[in-house]
Amino acid sequence: MDKIMRLKALFQDVYKESVLLDTTFEELLVSINSFKKERKMDLLLLDQEQSDWYFKSNIVAMTLYIELFSENINNLINKLPYFKDLGITLIHLMPLLKTRKGDNDGGYAVEDYRSINEHLGSIEDFTYMLNIYRENGIYICIDYVINHVAKEHEWAKKALEKNKEYQDMFIMYDNDEIPNRFNQTVPEVLPDKYPGNFTYYSEINKYVFTSFSEFQWDLNFKNPKVFLGMAENLLYLANLGVNMIRLDAIPFMWKELDTSCRNLPMIHKLIEMLNLIKNIVCPSVALLGEAIVEPHEIVKYFGTSHNPECEIMYNANLMVDIFNSFATRDTRLIAIDTNLHHIPNTGSWMNYVRCHDDIGWGFNEEAIENMGFSSYHHKQYLIEFYGNNFPNTFSSGEYYQINQANHDARTNGTLASLLGLEKAILENDKFKQETAIKRINLAHGLILFYRGFPILYSGDEIATLNNQEYKKDPIKANDGRWVHRPFFDWDRAKKRNVYGTKEYFVFQTLKKMIQIRKNNAFFDGRNLQFSLDVQNQAVFCLLRRYEDELIFGLFNFSEHPQIINLDTLRQNVSSFQYEDIINGRKIDINEHQIELSPYEYLWAFPKNKECE
Ligand code: GLC
């Protein structure tokens, strides 16, 4: 079906009850046309050439806060050599649009979607930077906070001035009857900090839906004007020249009474509409969805190959499974989940181990129960293990948002601290330090091997530890996520070139793997993968197919040597002589078994097949 026809059908479906249906759709078409006309020549060329760039094996991403990394946008240009050194080709810039003053949830409370936070620079600085990065082969992704706006945003300000038209852009009630009903079924996002889902404003005598905090007002996507305005903002940002747009917190975008208000079916229609609109105006821009929800809900946001929604999704499931495997020395969950979810050929995973947020322990509960564990107790175990409250844990993570009623909690911490480096340094134990570095490298080795593209969290490449400095800043002090959001330490970064340092071993290992990945067609995101049972729970085995060749990865999540059986591999692979492309170890598949050292991992390629 023609894109406009499909868009119209969806729009009519979603907004059938609104009196604004027809006029708003007309306005939307006018906007689409004008953004299309305004799109610059160089971007139109990109649109023609590359709508599937995110599948390429050379895509290796990094997330960072401009403020913490380079202070401002202009100075980010000077950091190009650092990205080139490591091999980064896509940068996700954390929110940079104009936020409210004071606490703004790390940028996720936007006051104006068409200007940039003054201390970071101007729109002109930003587009200049985008050009330089494009010339240097680096793609840029920015955040688009679509579920809510700051209460200082123009729409909210007018709503606070009692303007009915603008009040309709939010979800607000005259008394607490309906809010109380919502609260019975809607879980709290931040139970510790912002209990409940509503905030009462005496100046308008209304209760406003505020999922995340008092100052972030949820938008009312049942109002077509809201959809129109937010679609226009998205196109505005796309036309600045960014390559990817991260749609923040999409599972929250639609509310219905007596439901959990998460992942409701209408959201899929909204996202499909956004995808159609961006495909009409700027097809080379990819949509990245942030939905940190149950695994079977995450995959739905890819849509289908005929009706795509987000091209890219955070692989939150893999992230949790990786931490789970380190804690349990049991990789069965990764193996099960890898073979479980099929994604359409328009979609790609973004694989990560850490990001700017806390870790919510959402795993495949059914699989855990089938293994004979209680999913509740298993989750409690992970919370305690990574919250540094379990005998012999290596982790120095921290609890986040503890729910006193059911003992639920999430976890904060940098990759290095979560995986044992901080403790090992405190104990001055060299062996444990080496072990922690092996864990970090293994985690990176897996996300670089897995189908999709990897994204690193800035600082993890130099083994940054938890940092308590944020407690001195009153704006940050009450949000524990800042423990893993420190200023980038450029002095430590220098040590990446000093042999023998921790920074060296983490950075240089990553750099080597990135180079290998980039030069290898095996890693194209379209190539299929599946996991294989090698009769050892501690070792995850992943096969990737490229044309009629197969490569495999082995990942030992245990601190002990592990023997694996090669029989099943022998039945699946296309060649008998393999070689680990990272360290050169030879693997003869005709042997009965091989041994992996503690936390050893291999990227095994058929001999002489590397670097196609
Ligand atoms: C997303 C962001 C998180 C933010 C929330 C509200 O989950 O990653 O940092 O607090 O949305 O915008």
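Y578 has I587 of strand β23 as its bridge partner. The two strands involved, β22 (residues 577-580) and β23 (residues 586-588), pair in the antiparallel sense over three bridges; strands count as paired if DSSP finds at least two bridges between them. Strands here are DSSP runs of E with at least two residues, helices are runs of H or I with at least four, and both are numbered from the N terminus. Five residues lie between the strands in this hairpin, where G584 takes a positive phi near 85 degrees.

Strand β22 has another partner to look at: three bridges join β22 to β25 (residues 601-606), and these strands run antiparallel. Here D580 stands opposite A604 in β25.

Before going further, a word on the source: this is a predicted model, in which local features need pLDDT of at least 70 and side-chain atom pairs count only at pLDDT 80 or more, while totals for chains, interfaces and linings use all residues. Residues are numbered from 1 along each chain as its sequence is written, and side-chain values use heavy atoms, with hydrogens and water left out.

Now step back to the whole chain. Its secondary structure comes to 23 helices and 25 strands. The radius of gyration, taken over C-alpha atoms, is 24 Å, close to the 25 Å that the globule rule gives for 612 residues, so the chain is as compact as a globular protein of that length. That rule is 2.2 Å times the number of residues to the power 0.38. Buried residues make up 62% of the 612 residues, where buried means under 20% relative accessible area with a 1.4 Å probe, protein chains only.

A cavity is a set of points on a 1 Å grid over the protein atoms alone where a 1.4 Å probe fits but cannot get out, and lining residues have an atom within 4 Å of a point. Grid points are joined across faces, edges and corners, and a volume is the space filled by probe spheres set on the points.

| Cavity | Volume | Lining residues by type |
|---|---|---|
| Largest | about 150 Å³ | eight nonpolar, six polar, three charged |

The largest cavity is lined by 17 residues, with Y457, S458, G459, P486 and F488 nearest its centre.

Key. 1 Å grid on protein atoms, 1.4 Å probe; cavity = no way out; pocket = protein on both sides within 12 Å on 5 of 7 lines; lining within 4 Å. Nonpolar A, V, L, I, M, F, W, Y, C, P; charged D, E, K, R; others polar. Buried < 20%, exposed > 50% of the residue type's maximum accessible area, 1.4 Å probe, protein only.
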